[in-house]
Amino acid sequence: MVNGYMATSLREALEIRAAHDVVPYGGGTDLMIAADTSLTYLYVNRIPEMKQIAVDDAYVRIGASCTFTEVLASPLVPPLMKAAVEQIGAPAIRNGGTMGGNIGNGSAKADSVLIEFVLGAKLRLASVRGERIVPIEAFYKGRKQLDLAKDELIVEILLPKDADYEWYYEKVGARRALAISRISFAGLLRCDGDVITDFATAFGAVAGTVLRFPDVEAMVIGKTKAEVKAMHDAIVAAYGDHIVPTAGRVSKEYRKDVCLNLVDDFLTSKGL
Amino acid sequence: MDTKIHFTLNGKPVTYDGNASNRLLDVLRDYYKLTGTKCGCKEGECGACSIIMDGELINSCMVAMGRCEGADIMTIEGFSETERFKVIDKAYGAVSAVQCGYCIPGMVMATEALLRKHPHPTEEEIRDGLSGNLCRCTGYNAIVRAVGIAAKEGNGLW
């Protein structure tokens with residue numbers, strides 16, 4: 001083709017990415033909304049290294065070119081990720097859209113990215129110069145600002161393998177299908193007996209990137225469930241102090257109220 | 001380097017030598033004159049442009065031509081020559097599931113994709129299978145009924 005490259009191996013894709021001014025193309029479901037026929041796309045859909053879902057000692061590794069439909073069909077992907085992915089778009093969008101594209105589009109509304117934040121996922125990036133592993137939070141520097149060099153590709157998403165946690169997930173949108181998140185929220189809780197050993201929350205579609213609040217999470221970690229339950233209102237209030245939403249399709253006030261309602265419901269649903 | 005894009009369109013091998021960043025939807029309609037595939041929104045929201053690409057339901061407005069290299073693409077024109085289409089066509093007609101008709105080619109492709117995965121779908125599976133296809137006339141219930149009838153009448157075809 002004249003103005004496009006269909007790579008069939010990672011090596012080939014990285015060489016093209018280094019040598020030409022190309023836009024990586026996963027499923028096209030974000031890119032084609034503002035289709036620009038002057039762009040040259042690098043199609044990454046047929047690269048075997050980017051199409052696999054596998055497990056190693058530490059991670060569930062999801063190839064960046066896996067579609068949402070493929071993620072939903074894999075027994076290796078944790079239920080929390082599936083809960084978010086099954087709410088993306090509609091069947092035809094899930095058949096096209098990819099995990100890497102959801103990240104590369106750079107939006108804080110990306111439904112799978114919220115889960116990557118709450119799980120503390122990492123990304124494997126590659127270029128002809130070599131590879132690096134970057135935590136998802138460091139990868140997002142701001143709205144549409146990614147720690148991705150001009151010659152790099154997102155190759156894999158690394159989710160921590162241990163799925164021995166309780167979770168909570170809600171997406172608030174204007175309709176059931178084909179909805180862009182107005183607010184999305186995920187919560188994770190890990191306990192050893194009565195003691196909370198891990199607690200994480202992530203808020204999507206609220207600001208320029210997905211938000212985590214380690215200070216507030218630290219209020220909970222290490223305490224007993226009874227102690228946290230007694231602090232319920234103070235924890236919700238602490239989130240209220242931290243969340244500074246940006247206005248967008250919905251008002252700041254609405255965003256903040258819904259965020260706090262979701263935190264309240266997450267805690268309550270876990271007996272906290 | 002071969003500058004053409006090779007793919008299968010409704011069972012026939014074709015080559016396309018235009019801009020690889022053009023939308024498949026536009027190329028189907030304007031270059032191949034397959035106007036059964038409709039354009040509703042060009043942002044993946046309405047499903048009027050649904051086709052089946054490599055066995056999966058896809059919005060053709062969301063596909064750049066370069067992505068079609070080596071792909072197998074079926075539009076409503078190709079599907080309308082099958083036995084399964086006849087069953088779906090008859091079922092939609094039986095319950096007046098069509099009013100203005102603009103969404104129907106996409107609805108039919110979504111029905112085919114759904115029945116391939118779920119030959120005997122529940123109502124929930126039907127509604128999920130059609131959830132990416134908007135219809136502004138019927139209120140959907142007749143379409144959902146038609147898909148149920150097609151699944152029953154076409155028993156064994158899927």
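## Basis of the description

A residue is called buried when its relative accessible area is under 20%, exposed when over 50% and partly exposed in between, computed with a 1.4 Å probe on the protein chains only. Helices (H or I, at least four residues) and strands (E, at least two) are DSSP runs, numbered from the N terminus.

This is a predicted model, in which local features need pLDDT of at least 70 and side-chain atom pairs count only at pLDDT 80 or more, while totals for chains, interfaces and linings use all residues. Residues are numbered from 1 along each chain as its sequence is written, chains are lettered from A and ligands numbered from 1 in the order in which they are written, and side-chain values use heavy atoms, with hydrogens and water left out.

## Strand S5 of chain A and its sheet

Strand S5 of chain A, residues 59–63, is mostly covered, with five of its five residues buried. On one side lie A:Tyr59, A:Arg61 and A:Gly63, and on the other A:Val60 and A:Ile62; both faces are covered.

Two strands are taken to pair if DSSP finds at least two bridges between them. Strand S4 of chain A (residues 53–55) pairs with S5(A) in the antiparallel sense over three bridges, and the two form a hairpin with three residues between them. Within this pairing, A:Ala54 has A:Arg61 as its bridge partner, and A:Ile53 has A:Ile62. S5(A) also pairs with strand S10 of chain A (residues 153–160), antiparallel over five bridges; here A:Val60 stands opposite A:Leu159.

These pairings belong to an open sheet of five strands in chain A, antiparallel and in the order S4-S5-S10-S6-S7. S4 and strand S7 (130–135) of chain A are the edge strands, each pairing on one side only. Neighbouring strands are turned by 25° against each other on average, direction ignored; the axes are lines fitted to C-alpha atoms, for helices over the stretch in contact, and angles run from 0 to 180 degrees between N-to-C directions.

## The second largest pocket

On a 1 Å grid over the protein atoms alone, a cavity is a set of points where a 1.4 Å probe fits but cannot get out, whereas a pocket is an open set with protein on both sides within 12 Å along at least five of seven lines; lining residues have an atom within 4 Å of a point. Grid points are joined across faces, edges and corners, and a volume is the space filled by probe spheres set on the points.

The second largest pocket holds about 1100 Å³ of space. Its lining comprises 34 residues, with A:Pro91, B:Arg127, B:Asp128, B:Gly129 and B:Ser131 nearest the centre. Because domain 1 (2–77) and domain 2 (82–153) of chain B both give residues to the lining, the pocket lies between them; the domain bounds come from an automatic or database domain assignment.

## The largest cavity

The structure holds one cavity of 30 Å³ or more. The largest cavity contains about 40 Å³ of space, and its lining residues include B:Cys100, B:Cys103, B:Cys135 and B:Cys137.
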